Amino acid sequence: MPVYRLPDLTYDYGALEPVISGEIMQLHHSAHHAAYVKGANTTLEQLAEMRQARDLSQLPGLERTLAFHLAGHSLHSMFWTNLSADGGDRPDGELAAAIDEFFGGFDAFRAELTAATASVQGSGWGALAWDPLGARLVVHQIHDHHITVAPTSTPLLVFDAWEHAFYLQYRNVKTGYIERLWSLVNWADVSERFAAACEGRHSGLLVPDGGVRS
Ligand code: FE
């Protein structure tokens, strides 16, 4: 029985045009994100079969595969709600104050997250995250979906820098895509995630249709 499911978007595939084309959104959600959901569910089934057969020889590969797909699923679920046709500008309130405190101002933060996203070697993400150990905001550069991210961090704002996120429209100009992505940032969503993270809840559980797990 599948455990994870593909969340519906709260807007049409074309809603983020002209910044992100409807073609990219459709492929990104219905093909790429769906593949991570399927991959996570398939890997869970393979782990169950492995247990039943009492043969743990494939365990290391399956664990790597599960982490890849599960992180891909949760990051994409967050990415869709981090974006809005009505987004852009900059945050206010406690999130704005925290950005000022930990990055020295919004412009410095924006430059840092842009650079982290743009300079990923290979496929990956840039992320604003809450580190509950230090009780501070941090920028992570995530490779693939799950590498070089602290397991205790909770992402709040994620920028997909995989080529499937922009190449059909922006070709090799990744920085052009990232600069325009800022005009879509749904700061209400990021602020909600920040408040949840400060209360000790993982912001990845805030998905529009009630939860990543069915
Ligand atoms: Fe993606």
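The protein splits into two domains, domain 1 (22–82) and domain 2 (93–198), with bounds that come from an automatic or database domain assignment. The model is a predicted one, in which local features need pLDDT of at least 70 and side-chain atom pairs count only at pLDDT 80 or more, while totals for chains, interfaces and linings use all residues. Residues are numbered from 1 along each chain as its sequence is written, and side-chain values use heavy atoms, with hydrogens and water left out.

Taken over C-alpha atoms, the centres of domain 1 and domain 2 sit 22 Å apart. Domain 1 puts 17 residues into the contact and domain 2 puts in 25, where contact means heavy atoms within 4.5 Å. The size of an interface is often given as the accessible area lost when the parts come together. Here, about 1,700 Å² is buried between domain 1 and domain 2, and 67% of that is on carbon and sulfur atoms; buried area is the accessible area (1.4 Å probe) that two parts lose on being put together, summed over both. On the domain 1 side, Ile24, Leu75 and Asn82 account for 37% of the area buried against domain 2, more than any other three residues.

What holds for polar pairs across this interface? The count is 12 residue pairs in polar contact between domain 1 and domain 2, both residues at pLDDT 80 or more. A polar contact is a pair of N or O atoms within 3.5 Å; within protein, one must be able to donate a hydrogen and the other to accept it, and residues adjacent in sequence count only if both atoms are side-chain atoms. Two elements give two or more residues each to the side of domain 1 that touches domain 2: helix 1 (22–53) and helix 2 (59–82). Helices here are DSSP runs (H or I, at least four residues), numbered from the N terminus. Helix 2 brings the largest share, 11 residues.

Asn186 sits in the loop between helix 6 (174–181) and helix 7 (187–198). A polar atom of its side chain lies 3.3 Å from the backbone oxygen of Thr81. Neighbours within four places in sequence aside, Asn186 is in contact with Thr81, Asn82, Leu83 and Ser84.

Then there's Leu16, in the segment before helix 1. Leu16 is buried because its relative accessible area is 1%, and buried means under 20% (1.4 Å probe, protein chains only). Not counting residues up to four places away in sequence, Leu16 touches Tyr11, Met25, Leu83, Ser84, Ala85 and Leu184.

Key. Buried means under 20% relative accessible area, exposed over 50%, partly exposed in between (1.4 Å probe, protein chains only).
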